Amino acid sequence: MNMPTFTRRRGAGKAPGANGNASVTYDEHHDESRRAQRRADRWLTTGTALMGTFIFGFIGLPFFLRGVWLQRKAQRDGLSVRPIIVTLIGYLVILDAFLNSIGWVLDLFASHTLVTRVFFTAWGNFVDAGYFWHYNELGIGGAGAPGEKGWEVALILTVFPMRVAAAIAFLQMKRWGHQWLIVTCWFGVVIWIGYVVNMTMYADVRFDGVVLPVTGWWLYDIFYITPFLAIPYLHTVNREIFSD
C-alpha cells in the first residue's frame, strides 16, 4: 500500500529532512533548508547590525547568538545549510567593516554633532589623544591628525565597501565572494601596518596624558588583527563548496 507522503513523514526515522524525517522529497528538503537558513540569517543580520552601531552592541549579541543556535540546530536536523565556520567568518568581516566605517564616517562627515564630539573626545581622553588633539581645527572637521584623515577617506570609500560586498557573496557561497574575501583580508594586513605606523609617528601626541597609553595601543592592534585571522582558513578551504 502506497501511503501518502505527509502520513509517512510523521513517524519516519532520521534525515534528510528537518527533525530527522527521511521521507521528504529533494524539493521539500531544499525548501526546508532555505527556510531554515533564512530564519537564522534574519537573527544573525539583526544582531550584526546592532553590534555594528557600538551603542546597541550588547543588545545585538543575544540576537546574533540566537542566529548561531538556529544554524547549528538546522545542521543537527540534517538540513543543507551553510557551514558554521563560513557563517562566523562572513558576519565577523561585516561587523568589522561596520564598526570601522561608522566611527570614521561620523568623524569625517558628522564631526560637529554633539554625540560625535562627546564620544570621540571621551575616547581620546581614555586611550588615544589623537582624537582629542586640535579637534575640528582642520579644513575637514573631526580628528586633527592629517594621517588619520587619509586613512578615513581611503578606507571608507574603498576597502570597507569591498569587504562588505565580498562577505555577503561569501555568505551566499559564491566563489567570487570567497576570492574577494581573501583579497580584502590581505588588505586588512596593509591597513594594520599602515595604521600602526601612522599612530606610532604621532605617539608623543596620541599616548601622552591618556588613561591607557600602552594598553590602548594594544587594544587597537588586537582589534585590527582579528579580521585577518581568517586568512589561513580562506586559503585552505575546499573551493568546490562554493558555486559560480
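Student: Is the crossing of α6 and α7 left-handed or right-handed?
Tutor: Left-handed. Keep in mind that this is a predicted model.

Student: At what angle do α6 and α7 pack, and how far apart are their axes?
Tutor: The angle is about 160°, and the axes are 8 Å apart. An angle over 145° counts as roughly antiparallel. So α6 and α7 are roughly antiparallel to each other.

Student: Which classes of residue make up the contact of α6 with α7?
Tutor: There are 17 nonpolar, six polar and two charged residues in the contact of α6 with α7.

Student: Next pair. How do α4 and α6 cross?
Tutor: Helix α4 covers residues 84–109 and helix α6 covers residues 146–171. Their axes come within 9 Å and cross at roughly 155°. That makes α4 roughly antiparallel to α6.

Student: And the hand of the α4 and α6 crossing, left or right?
Tutor: The crossing of α4 and α6 is left-handed. The contact of α4 with α6 has 20 nonpolar, four polar and six charged residues.

Student: What about α7 and α9, at what angle do they pack?
Tutor: Helix α7 (residues 175–201) packs on helix α9 (residues 213–225) at about 165°. Their axes are 10 Å apart. That makes α7 roughly antiparallel to α9.

Student: Is the α7 and α9 crossing left-handed or right-handed?
Tutor: Right-handed for α7 and α9.

Student: Which residues meet there, between α7 and α9?
Tutor: From α7, Ile191, Trp192, Tyr195, Val196, Met199 and Thr200. From α9, Trp217, Tyr220, Asp221, Tyr224 and Ile225. By class, the contact of α7 with α9 has nine nonpolar residues, one polar and one charged.

Student: Let's go to single residues. Where is Arg163, and is it buried or exposed?
Tutor: Arg163 sits in helix α6. Its relative accessible area is 2%, so Arg163 is buried.

Student: What does the Arg163 side chain reach?
Tutor: The backbone oxygen of Thr184, at 2.9 Å.

Student: Which other residues does Arg163 touch, sequence neighbours aside?
Tutor: Leaving out neighbours within four places in sequence, the contacts of Arg163 include Val93, Asp96 and Ala97. Leu181, Cys185 and Pro227 are also among them.

Student: Is Lys149 buried or exposed?
Tutor: Lys149 has a relative accessibility of 7%, so Lys149 counts as buried. Lys149 also lies in helix α6.

Student: Which side chain makes a polar contact with Lys149?
Tutor: Asp107. The two side chains are joined by a polar contact of 2.9 Å.

Student: What else does Lys149 touch?
Tutor: Not counting residues up to four places away in sequence, Lys149 touches Leu108, Leu138, Ile140, Gly141, Gly142 and Ala143, along with Asp107.

Student: Now Ala166. Buried or exposed?
Tutor: Ala166 is buried, at 1% relative accessible area. The residue belongs to helix α6.

Student: Which residues are in contact with Ala166?
Tutor: Beyond neighbours within four places in sequence, they are Trp176, Gly177, Trp180, Leu181 and Thr184.

Student: How far is Ala166 from Thr121?
Tutor: Their C-alpha atoms are separated by 33 Å. Ala166 and Thr121 are 45 residues apart along the chain.

Student: Is Met173 buried or exposed?
Tutor: Met173 is buried, with a relative accessible area of 15%.

Student: What is phi for Asn136, and where is Asn136?
Tutor: Phi of Asn136 is near 65°, a positive value. Asn136 is in the loop between α5 (114–126) and α6.

Student: Last one, Pro83. What does Pro83 touch?
Tutor: Gln75 and Met173, leaving aside neighbours within four places in sequence. Pro83 lies in the loop between α3 (57–76) and α4. With a relative accessible area of 28%, Pro83 is partly exposed.

Student: And how far is Pro83 from Gln71?
Tutor: The C-alpha atoms of Pro83 and Gln71 are 8.6 Å apart. Along the chain, the two are 12 residues apart.

Terms used:
Residues are numbered from 1 along each chain as its sequence is written. This is a predicted model: local features need pLDDT of at least 70, side-chain atom pairs count only at pLDDT 80 or more; totals for chains, interfaces and linings use all residues. Side-chain values use heavy atoms; hydrogens and water are left out. Axes are lines fitted to C-alpha atoms, for helices over the stretch in contact, and angles run from 0 to 180 degrees between N-to-C directions. Helices (H or I, at least four residues) and strands (E, at least two) are DSSP runs, numbered from the N terminus. Angles under 35 degrees count as roughly parallel, over 145 as roughly antiparallel, 65 to 115 as roughly perpendicular and the rest as oblique. A crossing is left-handed if the near helix is turned anticlockwise from the far one by less than a right angle, and right-handed if clockwise. Ala, Val, Leu, Ile, Met, Phe, Trp, Tyr, Cys and Pro count as nonpolar, Asp, Glu, Lys and Arg as charged, and the others, Gly among them, as polar. Contact means heavy atoms within 4.5 Å. Buried means under 20% relative accessible area, exposed over 50%, partly exposed in between (1.4 Å probe, protein chains only). A polar contact is a pair of N or O atoms within 3.5 Å; within protein, one must be able to donate a hydrogen and the other to accept it, and residues adjacent in sequence count only if both atoms are side-chain atoms.
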